[in-house]
Amino acid sequence: MCQHQPPCPTADSADRESARLVAHHPEQGWSLLCNGVLLFEDTGELLPDGQIIAPHRPLGTDKVMTAA
């Protein structure tokens with residue numbers, strides 16, 4: 001799929017999220033990467049083969065402060 005040099009990581013690579021953006025729709029909550037991965041704002045992913053990657057937000061959110 002990727003025509004970039006160096007090529008973007010494949011959809012089955014551990015660093016697949018570092019591929020270039022092809023389409024970005026923040027109003028709908030998703031982005032399409034060059035390697036065919038759909039990346040959702042909740043950090044979930046849909047791979048080109050239909051495999052679902054569950055959201056993987058960083059741990060330690062119990063220390064997030066909110067505005068008063």
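This passage describes the fold and selected residue contacts of a single predicted chain. The model is predicted, so local features are reported at pLDDT of at least 70 and side-chain atom pairs at pLDDT 80 or more, while totals for chains, interfaces and linings use all residues. Residues are numbered from 1 along each chain as its sequence is written, and side-chain values use heavy atoms, with hydrogens and water left out.

The secondary structure of the chain comprises 0 helices and 5 strands. Helices (H or I, at least four residues) and strands (E, at least two) are DSSP runs, numbered from the N terminus. The order of elements from the N terminus is β-β-β-β-β. Of the 68 residues, 25% are buried, where buried means under 20% relative accessible area, exposed over 50%, and partly exposed in between (1.4 Å probe, protein chains only). The chain exposes about 5,200 Å², of which carbon and sulfur atoms supply 58%; accessible areas come from the Shrake-Rupley method with a 1.4 Å probe, and for residues only the protein chains shown count as cover. Among contacts (heavy atoms within 4.5 Å) between residues at least 6 apart in sequence, 20% join residues at least 24 apart.

The 5 strands form an open sheet in the order β1-β2-β3-β4-β5, with antiparallel pairing. Its edge strands, β1 (21-25) and β5 (52-53), each pair on one side only. Two strands count as paired if DSSP finds at least two bridges between them. Strands of a sheet pair through backbone hydrogen bonds, either parallel or antiparallel.

Strands β1 and β2 run antiparallel and are joined by 4 bridges, with His24 having Ser31 as its bridge partner in β2. These two strands form a hairpin with 4 residues between them, and Gly29 in the turn has a positive phi of about 85°. Strand β2 (residues 30-33) has a covered face, made up of Ser31 and Leu33, and an uncovered face, made up of Trp30 and Leu32. On to β3 (residues 38-40), β2 is joined by 3 bridges, again antiparallel, and Trp30 stands opposite Phe40. The hairpin of β2 and β3 also has 4 residues between its strands, and Gly36 in the turn has a positive phi of about 90°.

Strand β4 (residues 45-46) pairs with β5 in the antiparallel sense over 2 bridges. Within this pairing, Glu45 stands opposite Ile53 in β5. The side chain of Glu45 also meets that of Arg16 in a salt bridge (2.6 Å, N to O). The count is 1 salt bridge, defined as a side-chain nitrogen of Lys or Arg within 4 Å of a carboxyl oxygen of Asp or Glu. Because Glu45 lies in β4 and Arg16 in the segment before β1, the pair ties together parts that are 29 residues apart in sequence. Both Glu45 and Arg16 are buried.

The segment before β1 also holds Pro9, which is buried at a relative accessible area of 17%. Leaving aside neighbours within four places in sequence, Pro9 is in contact with Asp15, Arg16, Ser18, Ala19 and Asn35. The C-alpha atoms of Pro9 and Arg20, 11 residues apart along the chain, are separated by 9.2 Å.

Two cysteines were also examined for burial. Cys8 counts as buried at 13% relative accessibility, and Cys34 counts as buried at 10%. The chain has 0 disulfides, a disulfide being a pair of cysteine sulfur atoms within 2.5 Å.
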